[in-house]
Amino acid sequence: MRLDRFLSNLPRFSRKQVRLALLAGRVIVDGQTIKDPLHEVRDFSQVLLDDEMLQGGKPARYFMLHKPPGCVSATLDPQHPTVLDLIHEPDKHDLHIAGRLDFNTSGLMLITNDGQWSRRLTQPTTKLAKVYYVETEQPVGEHYLEKFAEGFYFAFEDLTTLPAQLTILGSHRARLSIVEGRYHQVKRMFGFFDNKVLRLHRESMGPLALDPALEPGQYRALRRDEIELI
Ligand code: URA
């Protein structure tokens, strides 16, 4: 949220008082005096006015999980196990998923409390490739390649998918790279050819690949150099 909005949400401040407090250099965000009203305040930023703590600040946290099939990409679900049930960390309900996967899809899932970081990873404008390994019921034909590159019209959203790169690995196996994350996108793309996806596994998101040391259901914290890649 913008710093001026964050401050004017506090009942004691008018917009004018917010502007004056900023100009006077009374506001400190994450240890730095900030005068720019457009400065982004993150959920885990520490915000001080004079010496008063307005928001305590929490450390940013980033995890990579090997999602197994059979769990829901949600933080709460009344019926099924969720990916958050696999995470054993304090305050885990502050965390969110950067790019959901379907119930039976496996593979790389990134989990964080940093909304800006996860937006950079998932919004189509940043064009970060998400790479999936796919197994299908019917053979994958050479004629698929052109259609994936050209895009599929999705009537519900009234859009055409951005060019995707399909590599055929075998008669019923392919690797697909897409830059969006539309609802059931991969299954709908293969559905165009009446070809059911039987297995779907996300191998990477942008420069971050699933750590082969992680068994399904296991996770680890991202390293600083990995976080900075996004
Ligand atoms: N596309 C799908 O259809 N399902 C997923 O889980 C991810 C991408």
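Student: Starting with Arg 175: how does it count by relative accessibility?

Tutor: Arg 175 counts as partly exposed, because its relative accessibility is 31%. Keep in mind that this is a predicted model.

Student: Which residue does Arg 175 form a salt bridge with?

Tutor: The partner is Glu 203, and the closest N and O atoms of the pair are 2.7 Å apart.

Student: How many salt bridges turn up in a search of the whole structure?

Tutor: The search finds 15. As background, side chains of opposite charge can pair when their charged atoms come close.

Student: Which residues are linked in a network of salt bridges?

Tutor: Asp 211, Arg 220, Arg 223, Asp 225 and Glu 226 are linked in that way.

Student: Take Arg 223. How far apart are the closest N and O atoms in its salt bridge with Asp 225?

Tutor: For Asp 225 and Arg 223 the distance is 3.1 Å. Arg 223 also forms a salt bridge with Glu 226, where the closest N and O atoms are 3.4 Å apart.

Student: Glu 226, buried or exposed?

Tutor: Buried, because the relative accessible area of Glu 226 is 8%. Arg 223 is partly exposed at 45%. Asp 225 is partly exposed, with a relative accessible area of 45%.

Student: What about Leu 222, where is that found?

Tutor: Leu 222 is in the loop between β15 (219-221) and α6 (224-227). At 8% relative accessibility, Leu 222 counts as buried.

Student: Another pair, then. What separates the C-alpha atoms of Glu 180 and Gln 46?

Tutor: A distance of 33 Å, for two residues 134 residues apart along the chain. Glu 180 sits in the loop between β12 and α5 (185-191).

Student: Glu 180 is a charged residue in a loop. Buried or exposed?

Tutor: Glu 180 counts as buried, because its relative accessibility is 3%.

Student: Changing topic to the whole chain. What does the domain assignment give?

Tutor: Domain 1 covers 3-55 and domain 2 covers 62-224. Taken over C-alpha atoms, the centres of domain 1 and domain 2 are 38 Å apart.

Student: What box do the C-alpha atoms fill?

Tutor: Along the principal axes, the box is roughly 65 × 35 × 35 Å.

Student: How many helices and strands are there?

Tutor: The protein chain has six helices and 15 strands. Of its 230 residues, 44% are buried.

Student: Now the surface. Which residues form the positive patch?

Tutor: Arg 5, Arg 15, Lys 16 and Arg 19 form the positive surface patch.

Student: Which helix gives the largest share of the patch?

Tutor: Helix α2, residues 15-23, contributes three residues. Arg 15 has its place in that helix, α2.

Student: Arg 15, buried or exposed?

Tutor: Exposed, because Arg 15 has a relative accessibility of 68%.

Student: Last topic, backbone angles. What is the phi of Asp 50?

Tutor: Asp 50 has a positive phi of about 50 degrees, although it is not a glycine. Asp 158 is not a glycine either, and its phi is positive at about 55 degrees.

Student: Where does Asp 50 lie?

Tutor: Asp 50 lies in the loop between β3 (47-49) and β4 (52-55). With a relative accessible area of 38%, Asp 50 is partly exposed.

Student: Where is Asp 158 found?

Tutor: In the loop between β9 (153-154) and β10 (159-160). Asp 158 counts as exposed, because its relative accessibility is 56%, and the cut-off for exposed is over 50%.

Terms used. Residues numbered from 1 in each chain as written. Predicted model: local features only at pLDDT ≥ 70, side-chain atom pairs only at ≥ 80, totals over all residues. Heavy atoms only, no water. Domains from an automatic or database assignment. Patch = residues over 30% accessible without salt bridge, like charges linked within 9 Å, V, L, I, M, F, W, Y side chains within 5 Å. Areas by Shrake-Rupley, 256 points an atom, 1.4 Å probe, with all protein chains shown as cover. Salt bridge = Lys/Arg side-chain N within 4 Å of Asp/Glu carboxyl O. Lys, Arg positive; Asp, Glu negative; His and termini not counted. Charge placed at Lys NZ, Arg CZ, Asp CG, Glu CD. Helix = DSSP H or I, 4+ residues; strand = E, 2+ residues; numbered from the N terminus. Buried < 20%, exposed > 50% of the residue type's maximum accessible area, 1.4 Å probe, protein only.
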